[in-house]
Amino acid sequence: MAILTLPVDQRIIDIDSQRFASIEKALVELVTNSDDSYSELEQAASGVTGSILIRYERHDSGAVLTVADQAEGMALAKLRSILTYGGAHSNLSAGGSTGRGFFGRGLKQAVFGLGHGWIETVRDGRFSRVDLFRNESGSYVYDDQDGDRPADSGDYSRLGLEEGGHGTHVTIVVDNPQVNLPYFRSLVTAVSNNFYLRDILVRRRLDLVNGNLPRKRATPTPLRYEEPPSEELLGPQLMGSFAFQNRGYDFTLTLRKAAAELILRGDERSSGLLVVSGTAVLDCQFFGFEGQMGTEYLYGTVTCPGLIAMLA
């Protein structure tokens, strides 16, 4: 069993991991990765459950976080490739229309930002596992168990998969003392209101399990985005278009005015326009109208399929 150094500049991992020293930010990365994988299956006309299960177990000085899906799974070669770095390994760079997340960078940064962890995955009957941690000298390293192996019934059961199914299970042990450990109900609220996940909460089934309860009592809590009471100003899905470099692009706009003032900043921001293209959330603001009086009551969604191709 060989322990290998990640094929990435160690200083860059250290800097980027600090951006993910938050359970909520790590969850955004892991959930969007699962959503991307489901979207790939949907484009291939494969039946999918669309289910993402999160488990959170909080302790006095740490926590355990897991995110599981029943999507594509990964072959060992793919699992090793995500340990490299940058947008060259994202779906967008390969010409796909389902890119999101942190452009091939976020998974390992989410693990290292919180502490250490491992990725278990099954694809085409093969089980693979990679452990990510820091060695005694502080270097970022991994252990890929010297290769994959045939998946057995225990693997399928542990990962919540049917025999012969595909899927991925990410476990993170949160032991970074700088990470805030939210209580279960606070985490439910933070994830349900996170604007990066708002469209996913509509398209997918996300459940959060309280790992501090006995398994018989740990009923999954559905995570759903609930719009505030409001009136419709434009839309729904009002058609529009714009031109860029002599080419036309279509979009739809839905704009609503809430009955009470909305949250203006942070990941739980509820004002502004959620700009969506494919599975990517590109922005959340009012552009030239940002900060003007009255916008604190306005929110909505712009959908523009052409933006994802431009981003790629």
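**Labels and their grounds**

Student: What is the bridge partner of Thr 252 in β15?
Tutor: Thr 303 is the bridge partner of Thr 252 in β15. Keep in mind that this is a predicted model.

Student: What makes β12 and β15 a pair?
Tutor: Pairing needs at least two bridges. Strand β12 (residues 247-258) and strand β15 (residues 298-303) are joined by 6 bridges. Therefore they qualify as a pair. They run antiparallel.

Student: In what order do the strands of the open sheet lie?
Tutor: The order is β11-β12-β15-β13-β14, 5 strands in an open sheet. The pairing is mixed.

Student: Why do β11 and β14 stand at the edges?
Tutor: Each has a single partner strand, so one side of β11 (230-244) and one side of β14 (280-285) lack a neighbour in the sheet. From one strand to the next, the twist averages 20 degrees.

Student: Why is strand β3 called largely enclosed?
Tutor: Buried means under 20% relative accessible area. In β3 (residues 63-69), 6 of the 7 residues are buried, so the rest of the structure largely encloses this strand.

Student: Which sense does the pairing of β3 with β8 take, parallel or antiparallel?
Tutor: Antiparallel, over 7 bridges to strand β8 (residues 167-174). In that pairing, Asp 69 is opposite Thr 168 of β8.

Student: How do you know that β2 pairs with β3?
Tutor: The cut-off is at least two bridges. Strand β2 (residues 51-58) and β3 share 7 bridges, so they pair. This pair also runs antiparallel. Leu 53 faces Ala 68 of β3 as its opposite residue.

Student: Where is Glu 57?
Tutor: Glu 57 is in strand β2.

Student: Why is there a polar contact between the side chains of Glu 57 and Arg 55?
Tutor: The limit for N or O atoms is within 3.5 Å. The contact between these side chains is at 3.2 Å, so it falls inside the limit.

Student: Which residues does Glu 57 contact, leaving aside neighbours within four places in sequence?
Tutor: Gly 62, Ala 63, Val 64, Gly 211 and Asn 212.

Student: Where is confidence lowest, and where is it highest?
Tutor: β14 is lowest, at a mean pLDDT of 77, and β3 is highest, at 98. The protein chain averages 89, and 93% of the residues score at least 70.

Conventions
Residues are numbered from 1 along each chain as its sequence is written. This is a predicted model: local features need pLDDT of at least 70, side-chain atom pairs count only at pLDDT 80 or more; totals for chains, interfaces and linings use all residues. Side-chain values use heavy atoms; hydrogens and water are left out. Buried means under 20% relative accessible area, exposed over 50%, partly exposed in between (1.4 Å probe, protein chains only). Helices (H or I, at least four residues) and strands (E, at least two) are DSSP runs, numbered from the N terminus. Axes are lines fitted to C-alpha atoms, for helices over the stretch in contact, and angles run from 0 to 180 degrees between N-to-C directions. A polar contact is a pair of N or O atoms within 3.5 Å; within protein, one must be able to donate a hydrogen and the other to accept it, and residues adjacent in sequence count only if both atoms are side-chain atoms. Contact means heavy atoms within 4.5 Å. pLDDT is the predictor's confidence in each residue, from 0 to 100.
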